[in-house]
Amino acid sequence: MLLGFPLLSLAIWIPILAGVLVLATGPDRNAPAARLIALAGSVLGFVVTLPLYARFDPLASGFQFEELAPWIESFNVNYHLGIDGVSLLLILLNSFTTVLVVLAGWEVIRTRIAQYLAAFLFLSGFMNGVFSALDALLFYVFFEATLIPMFIIIGVWGGPNRVYAAVKFFLYTLMGSLLLLVALIYLYNVSDGSFSLLDYYQLPLPLTAQILIFIAFFMSFAVKVPMWPLHTWLPDAHVEAPTGGSVVLAAIMLKLGAYGFIRLSLPIVPDASHALAGVVIALSLIAVVYIGLVALVQADMKKLIAYSSISHMGFVTLGIFIFNAHGMEGAVIQMISHGFISGALFLCVGVLYDRVHSRMIADYGGVVNTMPVFAALFMLFAMANSGLPGTSGFVGEFMVIVGAVKVNFWYAAAAATTLVFGAAYTLWMYKRVIFGAVANRHVAALSDLGAREFLVLGLLALAVLVMGVWPNPFAEVLHASVNDLLNHVTQSKLP
Amino acid sequence: MQFITPLLPAYPELFLLAMACVILVVDLFVSDEHRVVTYALTQIALAGALATTFLTSTAEPAYTFSGMFVDDLMSDVLKLLVYIAVMVLLVYSRAYIAARAMFRGEFFVLALFATLGMMVMISANHLLTLYLGLELLALSLYSMVALQRDSAVATEAAMKYFVLGALASGMLLYGMSMLYGATGTLEITRLAEIIAGLGAKDVVLVFALVFVVAGLGFKLGAVPFHMWVPDVYHGAPTAVTVFIGSAPKLAAFAFIMRLLAQGLGAEQLVEEWQRMLIVMAVASLAIGNVTAIAQTNLKRMLAYSTIGHMGFLLLGILSGNLVGYSAGMFYVVVYVLMNLGAFGMIMLLSRGGFEAEDLEDFKGLGARNPWYAFVMLLLMFSMAGVPPTVGFYAKLIVLQAVINAGYVWLAVVAVLFSLIGAFYYARLVKLMYFDAPADTAPIAPRGDVHVLMSANGLAMLLFGILPEPLMALCIRSIQASL
């Protein structure tokens with residue numbers, strides 16, 4: 001019955017329209033209305049993505065739910081949408097996270113609430129657009145458009161050093177994506193005037209061109225992931241962003257980079273991907289090991305989680321560039337799981353920050369005495385971040401390591417150190433914040449989770465556990481898509 | 001009536017000329033309290049010219065005055081945009097000039113004559129017609145800059161503008177005279193035929209080209225002929241700055257099309273001027289964007305940003321084919337829209353005795369007036385070329401033309417400099433949204449300004465989401481006219 005219904009367009013435009021409505025409520029005195037519209041919009045946005053999963057055919061290869069309409073006819077640009085298993089999961093994650101972020105900002109944000117909520121709704125719509133675009137220019141437009149709301153979110157509602165962080169974030173990501181634009185226009189010219197990604201998949205390209213295109217793509221996506229050594233904007237952005245901003249940044253925006261590798265780099269320039277895989281793998285392993293060690297010495301909780309994100313995203317790029325089914329599926333699962341876990345950890349820090357207004361580990365201690373429920377949930381997420389079996393964190397990392405063993409034992413060995421370092425920095429932080437004697441009067445005055453906070457964290461805990469115990473619903477939609485992708489990667493496109 | 005019909009293509013110009021003379025006379029009998037009559041008449045004159053142009057528009061190029069004057073689709077589209085730009089900027093300027101004792105007949109009459117000059121330039125098919133239009137425009141602008149007699153900065157700016165402008169005109173004339181010497185004609189379509197017939201490269205022609213391109217560079221404000229731009233933009237009253245920075249760019253684009261693409265578009269010359277334009281474009285992008293960062297005055301910053309934008313425009317033109325010309329046209333149209341909005345916003349925030357021209361004056365606009373801050377945000381991101389604003393598509397199709405012509409490295413250079421450009425546009429957004437307001441005076445513009453300013457900002461978004469109509473219009477008018 002719903003066939004032919006433009007579900008993807010709805011997933012993109014419902015949040016954006018809701019954002020416009022929220023903006024229309026105007027000044028802060030109308031905040032209750034703004035909150036309700038935002039919540040309704042985000043929930044509706046999530047609900048329309050559910051039929052996508054229900055109606056998704058996990059056995060079919062290629063793209064599903066395609067929508068095609070001319071957009072800029074002079075340049076043969078089409079409004080072309082379609083998803084495969086990878087995009088499906090990311091869209092679900094994105095729409096789900098938006099609901100949580102709206103809830104998380106409910107009382108915490110006190111100034112310019114309508115603008116704050118609208119920025120997140122716009123962001124959500126744009127990111128759904130990135131995940132479903134099959135036209136290169138459409139992809140680029142959505143990809144870039146995400147910059148504006150995030151720039152504002154960090155800059156307006158962020159911490160003391162927010163301006164520096166916002167500008168750094170903006171310029172870093174813009175630098176990468178402008179090179180991406182040049183590469184896309186080059187492809188448009190060599191493909192005789194097409195912006196369709198599907199055409200690019202079939203386009204033969206000489207190796208030099210492939211390598212240059214790969215580098216342009218890489219500059220864009222590696223900054224977003226972010227990969228060492230292009231990661232330095234992330235800790236700043238995370239530390240200064242408001243809690244909701246950090247959650248969206250870690251849970252979804254970082255995935256835009258990895259998604260770009262999967263959707264653009266690998267199928268369009270497979271030979272260059274093979275030629276340069278060694279470099280990417282090396283950078284990924286440096287991220288996993290070195291950034292893991294950097295995380296160990298952080299005194300600021302948000303910074304620690306930010307570095308942990310970089311380290312975990314190293315797993316994702318490693319999994320993508322070892323070119324086998326385990327690695328690739330593991331990478332996608334890891335993306336989703338990291339979306340839940342990092343989002344949850346940032347929310348946990350947010351819960352503490354709202355009460356004590358400090359992110360420093362040294363300012364806490366013995367929180368379990370005053371916030372037992374919170375401590376229990378935080379424990380779950382900390383364990384998941386360390387990759388404990390039975391939580392979602394384990395599944396992806398395990399699959400990537402299995403995939404890596406097939407390629408080179410030492411890749412796997414280096415990657416596996418994260419199980420040690422990850423546990424070390426996460427649990428050490430947890431111990432210092434939660435356990436021990438009550439550190440000071442601020443901690444003594446803490447009150448446990450409110451209903452709203454409990455709902456948000458509880459939903460995430462459920463997701464983490466379900467995915468850890470029963471990953472099959474997530475993995476099964478990926479098989480056909482990952483096979484497609486690997487087929488593209490193994491076929492040489494040299495003329 | 002029989003003898004008038006051959007002048008049909010020039011009806012809009014004749015109409016505007018007549019109206020300008022009428023207004024000149026009527027203004028004598030209007031007292032200062034009723035000066036609004038002059039203003040209304042000026043708007044009516046422009047609207048009338050708009051209607052005339054629209055009604056006399058033909059698909060095929062129509063020539064008159066013995067082939068000295070042409071009316072084709074490109075000229076119609078550009079003229080319509082010129083009227084709209086002038087009408088909009090007059091609305092924006094009204095309160096501003098009224099507060100500075102410039103709400104006088106001279107301002108409006110000069111504006112009309114400048115508009116007439118632009119129209120003649122746009123429709124010129126003869127080097128002398130081209131020059132005539134250019135001088136009419138330039139002389140009107142010189143006097144408009146100097147209109148605020150008591151202001152030392154404005155007088156200095158006018159002087160500088162006049163001296164350098166005259167120099168540029170001289171160069172241009174010198175180049176034109178050499179073209180005449182080499183070919184024996186001044187008519188642009190004839191010129192193209194004769195040069196195409198010459199075949200081999202003629203040294204005199206290349207020499208002439210150098211002077212013509214230098215003259216063009218001056219008028220556009222491209223590096224290394226850009227020195228007047230920041231001082232004039234800064235020194236002139238903002239109402240005049242927005243005039244200089246908007247509609248004349250459309251005329252300058254037509255000027256380049258007529259002269260380089262039509263007159264000197266023969267193959268052996270294209271590669272010559274391509275090389276010159278590459279140097280000018282890269283230098284403009286570099287100096288415009290890098291120097292803009294150091295500016296604390298918004299008008300100066302926008303002046304340097306204009307230099308950078310002109311570099312981008314040249315990139316489109318230097319591709320030397322229809323794709324590139326259409327890209328250039330789209331770029332210049334979008335640029336004019338953005339510039340109108342940005343300078344309009346400066347005037348909107350200014351009031352009697354206070355110029356909101358420093359970057360600091362935009363501090364905290366997001367808190368003072370969220371709507372105008374949002375409009376300015378759209379304008380700034382459009383200038384920076386961030387999607388989904390229309391500025392992105394302008395940059396996109398220029399880059400596409402450049403890559404299509406085989407200059408991938410130029411595209412990379414352009415992209416890197418627009419990244420630098422993004423920094424100072426983002427800085428203004430930062431000031432508006434992230435900083436606390438320094439000024440708390442209420443912002444209460446007239447209703448028409450509010451509507452137009454909102455439309456101007458939203459146009460950035462609207463054309464950004466649906467760029468096709470405007471793009472197709474530019475492509476069609478270039479194809480029909482060149």
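The points below are grouped by topic, after a short note on conventions.

This is a predicted model, in which local features need pLDDT of at least 70 and side-chain atom pairs count only at pLDDT 80 or more, whereas totals for chains, interfaces and linings use all residues. Residues are numbered from 1 along each chain as its sequence is written, chains are lettered from A and ligands numbered from 1 in the order in which they are written, and side-chain values use heavy atoms, with hydrogens and water left out.

**Largest pocket**

- The largest pocket has a volume of about 1,200 Å³, where a pocket is an open set of points on a 1 Å grid over the protein atoms alone at which a 1.4 Å probe fits, with protein on both sides within 12 Å along at least five of seven lines, and a volume is the space filled by probe spheres set on the points, which are joined across faces, edges and corners.
- Its lining comprises 43 residues, and those nearest the centre are A:Val20, A:Leu23, A:Phe122, B:Phe374 and B:Leu461; a lining residue is one with an atom within 4 Å of a point.
- Two or more lining residues come from each of helix H1 (7-24), helix H4 (113-132), helix H5 (136-145) and helix H6 (147-157) of chain A, and from each of helix H15 (365-368), helix H16 (370-384) and helix H19 (447-465) of chain B; helices (H or I, at least four residues) and strands (E, at least two) are DSSP runs numbered from the N terminus.
- By residue class, this lining divides into 36 nonpolar, five polar and two charged residues, with Ala, Val, Leu, Ile, Met, Phe, Trp, Tyr, Cys and Pro counted as nonpolar, Asp, Glu, Lys and Arg as charged, and the others, Gly among them, as polar.

**Second largest pocket**

- The second largest pocket holds about 750 Å³ of space.
- It is lined by 33 residues, of which A:Val108, A:Ile109, A:Thr243, A:Tyr353 and A:Asp354 are the closest to its centre.
- The elements of chain A that give two or more residues to this lining are H6, helix H10 (233-240), helix H11 (243-268), helix H14 (325-356) and helix H20 (451-469), and H14(A) gives the most, with seven residues.
- The lining of the second largest pocket is made up of 15 nonpolar, eight polar and 10 charged residues.

**Strands S1 and S2 of chain A**

- Strand S1 (residues 64-72) of chain A pairs with S2(A) in the antiparallel sense over six bridges, two strands being paired if DSSP finds at least two bridges between them.
- Within this pairing, A:Leu68 stands opposite A:His80, and A:Ala69 stands opposite A:Tyr79.
- S1(A) and S2(A) form a hairpin with four residues between them, and A:Asn76, in the loop between these strands, has a positive phi near 55 degrees although it is a residue other than glycine.
- A:Asn76 is described as partly exposed because its relative accessible area is 36%, given that buried means under 20%, exposed over 50% and partly exposed in between (1.4 Å probe, protein chains only).
- In strand S2 (residues 77-83) of chain A, seven of the seven residues are buried.
- In a regular strand, side chains alternate between the two faces of the sheet.
- Both faces of S2(A) are covered, with A:Val77, A:Tyr79, A:Leu81 and A:Ile83 buried on one side and A:Asn78, A:His80 and A:Gly82 buried on the other.
- Phi of A:Phe65, which is also not a glycine, is positive and near 55 degrees, and A:Phe65 lies in strand S1 of chain A.

**Cis peptide bonds**

- In chain A, the peptide bond from A:Val225 to A:Pro226 is cis, with omega near -15 degrees, and A:Pro226 lies in the loop between helix H9 (207-224) and H10.
- In chain B, a cis peptide bond with omega of about 5 degrees joins B:Pro387 and B:Pro388, and B:Pro388 is placed in the loop between H16 and helix H17 (390-404).

**A:Val456 and the cysteines**

- A:Val456 is found in helix H20 of chain A and counts as buried, at 3% relative accessibility.
- Leaving aside neighbours within four places in sequence, A:Val456 is in contact (heavy atoms within 4.5 Å) with A:Leu100, A:Leu103, A:Ala104 and A:Leu347.
- A:Val456 and A:Val101 are 355 residues apart in sequence, and their C-alpha atoms are 8.6 Å apart in space.
- The structure holds zero disulfides over all chains, a disulfide being a pair of cysteine sulfur atoms within 2.5 Å.
- A:Cys348 is buried, with a relative accessible area of 0%, whereas B:Cys21 is partly exposed, at 38%.
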